[in-house]
Amino acid sequence: MNYIPNILFVIVLGIGIGYFAKNVKKLIRNIKLGHTVDVSDNRSQRWKNMINIALGQSKMVRRPVAGFLHVIVYLGFIIINIEVLEIVIDGIFGTHRIFSFLGGFYSFLIGSFEILAVLVLVSVIVFWIRRNVIKLKRFWKAEMTAWPKNDANYILYFEMVLMCLFLIMNATDSHFQEMNSGNVISGMIAPWFDGFSASTLHGIERTAWWLHIMGILVFLNYLYFSKHLHILLAFPNTFFASVKPKGQFNNLEAVTKEVKLMMDPNADPFAAPAEGETPPAKFGASDVTDLNWLQLLNAYTCTECGRCTSECPANLTGKKLSPRKIMMDTRDRLEEVGKNIDANKGEFKEDGKQLLDNYITREELWACTTCNACVEACPVSINPLSIILDMRRYLVMEQSAAPMELNNIMTNIENNGAPWPYNQMDRLNWTKE
Amino acid sequence: MSQLIVKTMAEYMAEGKQPEILFWVGSAGSYDDRAKKITKAFVKLLNKAHVEFGVLGTEESNTGDVAKRAGNEFLFQMQAMTNIEILNAYEVKRIVTACPHSYNTLKNEYPSLGGNYQVQHHTEYIQELMQSGRLKIESNSELHGKRITFHDPCYLGRANEVYEVPRNLLKKLGVELVEMKRNRRTALCCGAGGAQMFKEPEKGDKDINVLRTEDALETQPSIIATGCPYCNTMMTDGVKAKEKEGSIQVLDIAELIANAQGL
């Protein structure tokens, strides 16, 4: 017997999965560059969120057209994986359609895969048209040029080609066509190959089979370099996302300590720091390593759909702020930091850059109204607002770089307990007016 | 017009009494000329329902919401701890406020700093007063059948998912409630949150309050209702920018209800 195809297959599979695993490790390492954040609260709500939002696509379908098409592609992705399992087993053991012993059920499975494949193909084509012909606004914002724009199209081409290969593979499988059950779509394609010799047909079938599985492996490895990571990260991201009311912003513990000390009448203001005491933390974030790991996971999860930006009041009125760009910048900077660490034997070497100013400008940060529209709009529970707030905190508390008007109102609040320069003793005057 | 009955927590304490609720007036409600009218309208409703309520008066200080959202966590926590000390000293259990920003901060951000209270937005409390029969709305008011659209304040709506209470109150007034295309969780911000109220907007092609006012104008309302003093200012300015102040009023729900009662 000839084992060369089997050996070749195992090697290809090993490389494909091995390289992916290596990048996943890198991904996890990068996410862990973030500060710790407590996500131990309300487990049952977290499971519910993951099941509803990621598995159940509940937020996707709030926009019915894109939502419906996305559900098809998503179902296709999940269900067709059963077929991939068969391909892998066949490839390793040199079998052919190992699951066909299931008989009628097998036909049912393949039949539904074929129908799904066509639906996915149609959906992906519609997606492509929305992006490139109809040119939906959110796909053509300032941050959607060069790689982000191409990346989106490459993913669609990938999916089109994979679906076509799957159908061609089935159509040219003479054994499968002879069974004449389950070939609901490929049976219609098969006649295109009438008149081909048996060996040519077999050659096409084998080529489609190999290209299909290699395409899947390439696509798997493409994920790490693409916005498409959401197909995996949407699950942890919706699980770990905050389960608190959206209006609740975290209270910085480091600040609580200092404020308590300041307000404690017994505290000695001139006391030297106790031995071994860690120096006070940096307040807020100027770079990705100042953010927490959930914010970094958010950044890798973002698939740049732009629903956040399309609902952002600042962006809708022509300001530079785009919540999607905040996430893309965070991810790009994190990747840059990760590469720096890889290139310097595991140690980050100062590169004179940071997230603030090199990626995200102050103008963007100050345009936010903290309205939570972006957080509400995100189909996978990403929170761009928390990053904006942490960066504002850095600007105000580390750099005293708030816009002048805000410095004025903060001084007023400090002095007389209101944003306006009115005397606190006048707080009850409205009762007499 | 009858005199407003307002007592401070200090006065209650001197009498050895504890009021039913603390009315958190807020900085805008205390000082801003437009917001003061909302404060008074709500107090009239409280008086009418014979609610024993206290205010902190000169002991109240800014919640720190603006400072926190501007990035000044220090100032926020100083304000919060100062307020919490006073609230706890008066053993306050329930707080009602007409400002969604105070509402959100008191409700969500004070607990981990030691301030645990039951906090309600004034619309929630008014609804409660109606349900318990302490406050009644005459449905044959002059508002009957008027087109009113409700602008969701971000910190009441998305931030805390209170969408229906203000709408239910409006419906009780017998008005024709019309929705903007962006409503509830997709409602557009008025442009004031996150400390924007106090600064010039960044460069763009439009002001947010004007865009939101355009949303409202599409529904051809005679009144734009809100539940937030900042939204009120922004929408009022938007209506002026569109030169519609002659035909469209911007009113808080408390004002609408107080007017309907002839208060």
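In this predicted model, chain A contains 19 helices and 0 strands. Its C-alpha atoms occupy a box of roughly 95 × 55 × 40 Å along the principal axes. Of the 433 residues in chain A, 38% are buried. When contacts in chain A between residues at least 6 apart in sequence are considered, 76% of them link residues at least 24 apart.

Chain A also meets chain B: 56 residues of chain A are in contact with 56 residues of chain B. On the chain A side, the elements that contribute two or more residues are helix H10 (253-263), helix H13 (313-316), helix H16 (362-366), helix H17 (373-377), helix H18 (384-398) and helix H19 (404-416) of chain A. By class, the residues on this side of chain A comprise 31 nonpolar, 13 polar and 12 charged.

Chain B is divided into two parts, domain 1 (7-131) and domain 2 (147-260). The centres of domain 1 and domain 2 of chain B, taken over C-alpha atoms, are 22 Å apart. Across the boundary, 26 residues of domain 1 of chain B are in contact with 26 residues of domain 2 of chain B. On the domain 1 side, at least two residues each come from helix H2 (26-31), helix H3 (33-48), helix H4 (65-70), helix H6 (100-109) and helix H7 (122-131) of chain B. H3(B) gives the most to this side of domain 1, with 8 residues. The domain 1 side as a whole has 13 nonpolar, 7 polar and 6 charged residues.

Because 10 of its 10 residues are buried, H6(B) is largely enclosed by the rest of the structure. The buried residues of H6(B) include Pro100(B), Tyr103(B) and Leu106(B), and also Lys107(B) and Glu109(B).

Chain B also has strands, and strand E2 (residues 21-24) of chain B illustrates how one of them is placed. In a regular strand the side chains alternate between the two faces of the sheet. Both faces of E2(B) are covered, with Ile21(B) and Phe23(B) buried on one side and Leu22(B) and Trp24(B) buried on the other. E2(B) runs parallel to strand E3 (residues 53-55) of chain B, and 2 bridges join them. In that pairing, Leu22(B) stands opposite Gly54(B). E2(B) also pairs in the parallel sense with strand E4 (residues 94-97) of chain B, over 3 bridges. Here Leu22(B) stands opposite Ile95(B).

The last topic returns to chain A and its backbone. Most residues other than glycine have a negative phi. Ser381(A), although not a glycine, has a positive phi of about 60°, and Ser400(A), also not a glycine, has a positive phi of about 45°. Ser381(A) lies in the loop between H17 and H18 of chain A, whereas Ser400(A) lies in the loop between H18 and H19 of chain A. Which of the words buried or exposed applies to Ser381(A)? Ser381(A) has 22 other C-beta atoms within 10 Å and is therefore buried, the threshold being 20 or more. Ser400(A) has 9 C-beta neighbours inside 10 Å and so counts as exposed, for which the limit is 12 or fewer.

How values were computed:
Residues are numbered from 1 along each chain as its sequence is written. Chains are lettered from A and ligands numbered from 1 in the order in which they are written. This is a predicted model: local features need pLDDT of at least 70, side-chain atom pairs count only at pLDDT 80 or more; totals for chains, interfaces and linings use all residues. Two residues are in contact if their C-beta atoms, placed from the backbone, lie within 7 Å. Helices (H or I, at least four residues) and strands (E, at least two) are DSSP runs, numbered from the N terminus. Ala, Val, Leu, Ile, Met, Phe, Trp, Tyr, Cys and Pro count as nonpolar, Asp, Glu, Lys and Arg as charged, and the others, Gly among them, as polar. Domain bounds come from an automatic or database domain assignment. Two strands pair if DSSP finds at least two bridges between them.
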